[in-house]
Amino acid sequence: MARNPQIGSNPHNPLVLEAQRRLVIPDYNAFHRIPLALIDLERVAPVVLDLGCGPGTMTERVLERWPRAHVTLVDYNREMLEVSRKRFESHDDFSYICDDFMLANLGWMRCDLVVTSLTLHHQVSAEKRALFARVFDTLRPGGYFVLCDLVCASTPETEARQIRAWCNYVRGAYTSAQDAEKLLNSTRFDKPDTVEAQMGWLRDTGFIDVENPYRMLRFASIIARKPLRRA
């Protein structure tokens, strides 16, 4: 693995955050691209909602597939939102909302696709389930939800092995041992759930075609579709 000595340790800097994620998530591009590649949308210019957009990585991947997409990006961090705004300044039809997406009023939106990346592991299980219901209501019939996030294993034994393997991966990615340990320590308060639990909650919400196309160490991508009509 290539080591990058120039990456700092301030996760509040959008550029540092983006560089860190590329280092510590195995096959980072596939993490986003694989689930999006499995989605077929009827509209050539779909309406997309990016929840917790950060520096805009997920939206950029969406534009690779749907260059004419209309995107609303939501993030509570104004600095992150400004990075996204500059990144997509040529897209004058994009919208930006500075708010906590867990609390923001999104009921007025009707989307073809909702995406979120590396945000929900900060929420407890009940909050994730509540968001899944809000996403379901926001989507048009036939629309998709893509969730890319930190997850945990299904048993304590497997989780311990998975964490150990990922910690070794991170330590191998950083030139600075201090920066590596700082990042690892920052994950102590995360609240990941298993892939299986989240897929079950999505089905309970009413989603169909729930799949897990990407899984590497502590990271997974899940896709789900809103049916054309309720069962």
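This is a predicted model: local features need pLDDT of at least 70, side-chain atom pairs count only at pLDDT 80 or more; totals for chains, interfaces and linings use all residues.

Q: How are two packed helices described in general?

A: By the angle between their axes and the distance between the axes.

Q: OK, what angle do H6 and H7 pack at?

A: About 145 degrees, with the axes 9 Å apart. Helix H6 covers residues 156-173. Helix H7 covers residues 177-186.

Q: Is the crossing of H6 and H7 left-handed or right-handed?

A: H6 passes H7 in a right-handed crossing.

Q: Which residues meet there?

A: From H6, they are Trp-166, Cys-167, Val-170 and Arg-171. From H7, they are Ala-180, Glu-181, Leu-183 and Leu-184. By class, this contact has 6 nonpolar and 2 charged residues, with no polar ones.

Q: Switching to strands. Do E6 and E7 pair in the parallel or antiparallel sense?

A: Antiparallel, over 5 bridges. Strand E6 spans residues 208-216, and strand E7 spans 219-225. Tyr-214 stands opposite Ser-221 in E7.

Q: What sits between the strands in that hairpin?

A: There are 2 residues between E6 and E7. In this hairpin, Leu-217 takes a positive phi near 50 degrees.

Q: Now the empty space. How does one find where it is left?

A: Rolling a probe the size of a water molecule over the atoms shows it.

Q: How many cavities of 30 Å³ or more are there?

A: The count comes to 1. The largest cavity has a volume of about 50 Å³. Among the residues lining this cavity are Arg-21, Tyr-28, Asp-50 and Ser-117. By class, the cavity lining has 4 nonpolar, 4 polar and 2 charged residues.

Q: And what volume does the largest pocket have?

A: About 970 Å³. The largest pocket is lined by 32 residues.

Q: Which of them lie nearest its centre?

A: Leu-17, Arg-21, Leu-118, His-121 and His-122. Helices H1 and H7 each supply at least two residues of this lining. By class, the lining has 13 nonpolar, 13 polar and 6 charged residues.

Q: What about the second largest pocket, what is its volume?

A: About 160 Å³. Its lining includes Asp-40, Glu-42, Arg-140 and Arg-225.

Q: Which strand gives the most to that lining?

A: Strand E5, residues 139-150, with 4 residues. By class, the lining of the second largest pocket has 3 nonpolar, 2 polar and 6 charged residues.

Notes:
Residues are numbered from 1 along each chain as its sequence is written. Side-chain values use heavy atoms; hydrogens and water are left out. Axes are lines fitted to C-alpha atoms, for helices over the stretch in contact, and angles run from 0 to 180 degrees between N-to-C directions. A crossing is left-handed if the near helix is turned anticlockwise from the far one by less than a right angle, and right-handed if clockwise. Contact means heavy atoms within 4.5 Å. Ala, Val, Leu, Ile, Met, Phe, Trp, Tyr, Cys and Pro count as nonpolar, Asp, Glu, Lys and Arg as charged, and the others, Gly among them, as polar. Two strands pair if DSSP finds at least two bridges between them. On a 1 Å grid over the protein atoms alone, a cavity is a set of points where a 1.4 Å probe fits but cannot get out, and a pocket is an open set with protein on both sides within 12 Å along at least five of seven lines; lining residues have an atom within 4 Å of a point. Grid points are joined across faces, edges and corners, and a volume is the space filled by probe spheres set on the points.
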